[in-house]
Every structure is written in C-alpha cells, then in structure tokens.
Amino acid sequence: MKGYVYLSVAAAIWGGMYVISKVALDVIPAFVLLWLRYAVALVVLALVLKARHQPWPRDGRTWLWYGAVGAVGYAASIGAQFLGTAWTSAHLGALVTTSSPVFAALMARWSGEQVGGRVWTAVIIALAGVGLVVGGDVIPGSAVATAGALVNPGTTASSLGSLLLFWAGVGCLVVAAATWAGMSVLVQRAESRLPASESDPLVLTAGALVTGWVMVTPIAFMQGMAVGWPALWRILTTPEALGSVLYLGLISTALAFFLWNAGVQYASAARANLFLALQPVVGGLLGHWALDEPLRLTFCVGGAAVLVGLWIAAGTQPGRSAS
C-alpha cells in the first residue's frame with residue numbers, strides 16, 4: 001500500500017501543477033522554467049542528503065545509471081512534454097502522456113516480465129476514463145483543420161505550418177509518454193542492480209536530476225538569450241513568478257520525483273505508470289475549485305473509471321510487496 005500512496009501523491013501533485021504553473025508559463029520561457037525547477041530541487045535534495053550525512057556516490061557505474069534515468073526521464077520526457085503541450089494543447093498533452101502505462105507494459109513484456117490480463121484491463125479502463133475526463137473535443141478540431149487544408153489547398157501557408165506543428169506536437173507527446181515509461185523501467189532496474197545506499201530513492205532522484213539539469217541547460221540558455229537577461233531578471237523577481245518557481249522546484253520536482261521513484265520501486269512499471277491517470281482528474285478538480293471551471297458529467301464518469309482502473313491494477317502485485 002505504501003508504494004501506491006507514494007505514486008498517488010506524486011500524480012496528484014503533478015495534476016495540480018498545471019494550475020500553479022499557468023502563471024509562470026505565461027511569463028517565463030518553458031525551458032528556463034524547467035532549468036529553474038531543477039536547480040531549486042537540486043539545492044533542496046543536496047541539503048537533505050547533507051543533513052542525512054549521506055555522501056554522493058563516486059562509482060562511475062552508478063552515475064551511468066543515474067545518467068540514463070535523468071536523460072530519458074528528466075531531459076527527454078519532460079522536454080518532449082513541454083514542446084508537445086506548447087504545440088498542441090494542455091488537454092491533448094494530458095490525454096497522450098497518460099498512455100505511458102501502455103508503453104511500460106510493452107517494455108515489460110519485451111524484457112521478459114509477465115503482464116497479465118488484469119493489468120491490461122486496468123490500463124484500458126483507466127485510459128478510457130482519461131479520455132472522458134479530458135473531453136472528446138481534442139482531436140476532432142485537428143481533424144477539421146486537416147480536412148480543410150486538404151479540401152482547400154488555397155489556405156494560407158501559415159495554416160499548413162500550424163497543422164504540421166500540431167502533429168509534430170502529437171509526436172512529441174508520444175515520445176514523452178514512451179520515455180517516461182522507459183524511465184520507470186530504468187528506476188526498477190537500477191534498484192535491483194545497485195547497492196541499497198545508491199538505489200535509495202532520494203540519492204537516485206538527486207543524481208538523475210543532475211543529468212537532467214545539465215542537459216536542459218543549453219536550451220534554457222538560448223531561450224534566456226532570446227528574451228534578454230535584463231527582461232528575464234525583471235520577470236523572475238516578481239512575487240508571482242518567484243512563488244511559482246519555488247513551488248514547482250520544491251513540491252512538483254524535489255518531492256514529487258522522490259515519491260515517484262520510491263513508488264516505482266514497490267510496483268511494476270505498468271502498474272506504477274497507471275497512476276499518471278490521476279493527473280487530469282486532480283487538475284480538473286483543482287481547476288473547478290481555484291478557477292471556477294465547470295465539471296461535466298463526462299468528467300465525473302471518467303474520474304470514476306480511472307479509480308476503477310487503479311483499483312483493478314492494485315488488486316494483485318507480483319514480486320515486491322507494495323506495502
């Protein structure tokens with residue numbers, strides 16, 4: 001049960017992150033914000049490790065594992081999700097990225113792990129629930145645009161460019177889902193192949209964040225150059241932006257990444273990634289509470305389906321106990 005609690009809290013934090021980060025993303029370039037998130041999280045995790053008198057690993061093999069987790073999960077997956085969401089929409093981003101358990105189950109099968117019918121049933125029910133929560137009007141709009149561009153070739157080049165950008169965004173979201181599933185598998189492999197002190201979720205999260213932070217630095221630097229450092233400094237010193245950065249770094253990154261890595265070590269990758277389906281549910285509830293956004297009947301039905309899917313998945317757990 002403890003592992004499922006960790007995963008649920010992490011997913012709930014990320015679901016609420018969309019409401020919190022809306023203020024920051026309106027004024028701060030995406031990869032600059034991501035760089036700042038990781039920087040704040042690294043400072044916090046380093047202080048916690050120091051308080052626990054826990055040294056950073058020095059073994060090269062251990063850092064290869066950390067580098068793989070950071071590159072696949074914190075650089076490739078989060079970066080692709082940022083681009084995909086920017087080029088499509090937040091709703092489509094939530095819908096596509098929560099397909100991660102499908103990729104996790106396929107990867108598990110490929111690596112020889114048994115994935116039973118119960119897990120696949122849970123995946124199908126939970127993803128159907130996410131589709132209802134997010135809404136059925138996400139893809140049809142793009143389909144109309146596609147039909148219009150094909151029927152009327154005289155549409156402007158900008159329309160065709162927007163269409164290509166949209167589908168490039170969809171591709172990025174698929175990559176984000178697949179790489180996050182891959183990261184979850186890597187975390188499990190690291191837990192079974194590294195000494196306990198080096199696969200500890202806190203140490204692993206901090207080590208992987210080092211890699212992710214280094215890899216997003218060049219893109220963040222280019223975005224900062226494009227905005228201009230004086231203008232960016234004025235933006236970052238506003239109370240709204242500063243508060244958002246601190247929340248995203250402390251809660252959505254340091255705490256949530258630690259909880260996710262801890263939870264993944266208790267559950268199979270496919271089951272663990274199913275908990276991502278909670279993100280749009282929590283995001284919708286917070287949007288209703290904080291932004292007075294309406295809750296449709298489809299949201300309620302979809303949210304119930306997500307919970308049923310998670311209940312089915314949690315019914316059996318091979319290997320290490322989730323409690």
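## Overall make-up

Of the 323 residues in the protein chain, 49% count as buried (under 20% relative accessible area; exposed is over 50%, and partly exposed lies in between, with a 1.4 Å probe and protein chains only). The model is predicted: local features need pLDDT of at least 70, side-chain atom pairs count only at pLDDT 80 or more, and totals for chains, interfaces and linings use all residues. Residues are numbered from 1 along each chain as its sequence is written, and side-chain values use heavy atoms, leaving out hydrogens and water.

The chain has 15 helices and zero strands (DSSP runs numbered from the N terminus: helices are H or I with at least four residues, strands are E with at least two).

## Helix H3

Helix H3 covers residues 60–87, which is 28 residues. Its first and last C-alpha are 38 Å apart, close to the expected 40 Å (1.5 Å times one less than the number of residues). H3 also has a kink of about 30 degrees centred on Gly 70 (the bend is the angle between axes fitted to the seven residues ending at a residue and the seven starting there).

## A buried residue

Asn 261 lies in helix H12, residues 239–264. Asn 261 counts as buried because its relative accessible area is 0%. Residues touched by Asn 261 include Tyr 74, Met 183 and Pro 201, not counting residues up to four places away in sequence (contact means heavy atoms within 4.5 Å).

## A partly exposed residue

Phe 221 is found in helix H10. Phe 221 counts as partly exposed because its relative accessibility is 47%.
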